Amino acid sequence: METSIEAKAANSVSDLHVETFGAVQIKTDMGMTPFKCDICYKIFSRKSRLTYHYRTHTKEKPYSCNVCNQKFSQKGNLNVHFRTHTHTKEKPYSCDACSKEFSQKSHLNRHYRTHTKEKPYSCVLCSKAFSQKCHLNEHYRFHTNEKPYSCDVCSKEFSLKDNLNKHYRIHTNEKPYSCDVCNKEFSLRGNLNQHYHIHTKVNLYSCDVCSKEFSR
């Protein structure tokens with residue numbers, strides 16, 4: 001018996017005056033694609049894809065995880081999620097450059113860019129390029145001055161969540177980074193790296209007037 005979503009898909013087909021036989025798609029002489037969403041009018045080549053698409057409107061999630069009950073709109077997404085519960089931490093996708101393994105193909109594709117140095121996402125304002133779209137979105141905030149993350153202690157605002165997390169340590173006095181030579185603790189990894197120069201006697205910075213060197 002067809003679900004309400006599948007019934008809508010069937011209605012969309014009849015509205016376009018086309019016929020389907022089983023899973024076979026038959027187009028009209030005009031070459032029209034028969035499956036159209038009657039909510040946003042997006043067109044699909046297959047009825048199953050229209051069915052999936054309707055769930056973006058209805059928010060229906062018919063597939064649920066039998067371990068944690070999290071729900072998904074597509075079975076493929078449930079299968080990917082289920083790997084987070086398996087004891088073996090199944091990672092069927094491996095990088096042929098460094099053999100690192102991933103549970104999702106999209107994560108492997110993203111990882112490949114560390115080898116190829118590909119940066120397909122570029123800023124339309126300054127042309128700076130990024131390997132991941134999320135990094136581009138974060139970058140845009142420097143142009144818009146958007147600061148969506150605010151400290152609930154002092155109300156200071158930040159454009160990046162990571163910067164907010166670092167800022168919180170001022171209030172909590174948390175120092176998660178410690179020197180393995182003298183055990184001195186630091187709130188920021190960068191400060192720990194600078195501190196190491198005291199032990200290694202490496203001076204990274206030099207004065208361009210007198211050439212005197214400094215560790216920081």
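Tutor: We start with the salt bridges, then follow the chain through helices and loops.

This is a predicted model. A search of the whole structure finds 2 salt bridges. Let us take each in turn.

One joins Glu 60 and Arg 55. Their closest N and O atoms are 3.8 Å apart. The cut-off for a salt bridge is 4 Å, so this pair counts. Now compare the two partners. Arg 55 is buried, with a relative accessible area of 11%. Glu 60 is partly exposed, at 30%.

Over residues 35-62, the chain is 43% helix and 14% strand. The end C-alpha atoms of that range are 21 Å apart.

Now the other salt bridge. Here the side chains of Lys 166 and Asp 162 meet, at 3.4 Å from N to O. Both residues belong to helix α6, residues 161-172. They are 4 residues apart, so about one helical turn separates them. What about accessibility? Lys 166 has 37% relative accessibility and counts as partly exposed. Asp 162, at 45%, also counts as partly exposed.

Move along from α6. Asn 173 lies in the loop between α6 and β13. At 56% relative accessibility, Asn 173 counts as exposed. Its backbone deserves a look too. Phi of Asn 173 is near 60 degrees, a positive value in a residue other than glycine. Why point that out? Most residues other than glycine have a negative phi.

Lys 117 sits in the loop between α4 (105-116) and β9. Its phi is near 65 degrees, again positive, and again the residue is not glycine. Lys 117 counts as exposed, at 63% relative accessibility.

Next, helix α5, residues 133-144. It has 12 residues. From its first C-alpha to its last, α5 reaches 17 Å, close to the 16 Å expected at 1.5 Å a residue. Leu 136, His 139 and Arg 141 are buried in α5. What do the buried residues of α5 pack against? They pack against three strands: β9 (121-122), β10 (129-130) and β11 (149-150). After α5 comes Asn 145, with a positive phi near 65 degrees.

Now go to helix α7, residues 189-200. This helix has 12 residues as well. Its reach from first C-alpha to last is 17 Å, close to the expected 16 Å. Leu 192, His 195 and His 197 are buried in α7. The buried residues of α7 pack against β13 (177-178) and β14 (185-186). Lys 201 follows α7, and its phi is positive, near 65 degrees.

One more stop: Cys 98. This residue is in the loop between β7 (93-94) and β8 (101-102). Cys 98 is partly exposed, with a relative accessible area of 38%. Which residues does Cys 98 contact, leaving aside its neighbours within four places in sequence? They are His 111 and His 115. Cys 98 and Tyr 112 are 14 residues apart in sequence, and their C-alpha atoms are 9.6 Å apart in space.

To return to your request, the search finds 2 salt bridges.

Notes. Residues numbered from 1 in each chain as written. Predicted model: local features only at pLDDT ≥ 70, side-chain atom pairs only at ≥ 80, totals over all residues. Heavy atoms only, no water. Buried < 20%, exposed > 50% of the residue type's maximum accessible area, 1.4 Å probe, protein only. Helix = DSSP H or I, 4+ residues; strand = E, 2+ residues; numbered from the N terminus. Expected span 1.5 Å × (residues − 1). Contact = heavy atoms within 4.5 Å.
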